[in-house]
Amino acid sequence: MTLEIVKITEMHRYASGLGRVLADSVTDGAAISFMQPFTAQEGARWFETSVFPDVAAGGRVLFGALKDGEVVGTVQLLIAMPPNQPHRAEIAKMIVHPGSRRQGIGRKLMLAALEEARARKKTLVTLDTRTGDRAEPLYASVGFEVAGVIPDFAFDPDGRALHPTTYMYMKL
């Protein structure tokens with residue numbers, strides 16, 4: 001197995017793989033803003049219409065984890081912040097395909113995003129995650145601290161219950 005973390009700049013080349021990772025993760029219960037049922041085509045369309053234009057405009061950096069050339073994970077670093085927050089960046093949509101979890105891929109994606117934040121002279125990185133989610137310990141292990149918890153923040157992807165979200169931060 002060859003694992004490579006890349007900055008995705010040839011976006012349309014990876015749209016279907018990113019869409020599959022997103023859709024399979026939502027189907028598996030990931031709380032990443034989308035509701036079930038959610039298809040790979042809808043995922044690819046979301047990347048093409050919501051993410052790729054911002055990457056092209058320089059507002060975010062999109063990373064992909066490629067296992068033997070196939071997309072198995074992704075994370076975004078949002079770098080275009082309001083004028084009073086030029087020192088800050090935000091982690092968004094850190095997703096590892098359900099079939100590729102527990103292999104260190106999420107950690108490698110997070111470390112790449114944090115390295116990019118440092119290279120861009122960011123001194124604060126924030127994120128939010130469903131409270132108790134499987135990724136929360138990963139974020140803590142790379143240095144994020146809990147800022148607070150908001151109850152009833154969003155619906156689970158199956159729409160059955162509201163869940164709290166944990167806001168986290170890391171000073172670089």
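Modeller: Happy to! Helices (H or I, at least four residues) and strands (E, at least two) are DSSP runs, numbered from the N terminus. From that end, the elements run β-α-α-β-β-β-α-β-α-β-β, giving four helices and seven strands. This is a predicted model, where local features need pLDDT of at least 70, side-chain atom pairs count only at pLDDT 80 or more, and totals for chains, interfaces and linings use all residues. Residues are numbered from 1 along each chain as its sequence is written, and side-chain values use heavy atoms, leaving out hydrogens and water.

Now to the core. A nonpolar core is a set of buried (under 20% relative accessible area, 1.4 Å probe, protein chains only) Ala, Val, Leu, Ile, Met, Phe, Trp, Tyr and Cys residues joined through side-chain atoms within 4.5 Å. The largest one has 27 residues, and I91, M110 and F144 have the most contacts (heavy atoms within 4.5 Å) inside it. Elements giving two or more residues to this core include β4 (88–96), α3 (105–119) and β5 (124–130). The largest share, seven residues, comes from α3.

Leaving aside residues up to four places away in sequence, F144 touches I91, M110 and L114, among others. Both M110 and L114 are on the list of buried α3 residues, which also includes I105, L109 and E116. Just after α3, K121 takes a positive phi of about 65°.

Terms used:
Buried < 20%, exposed > 50% of the residue type's maximum accessible area, 1.4 Å probe, protein only.
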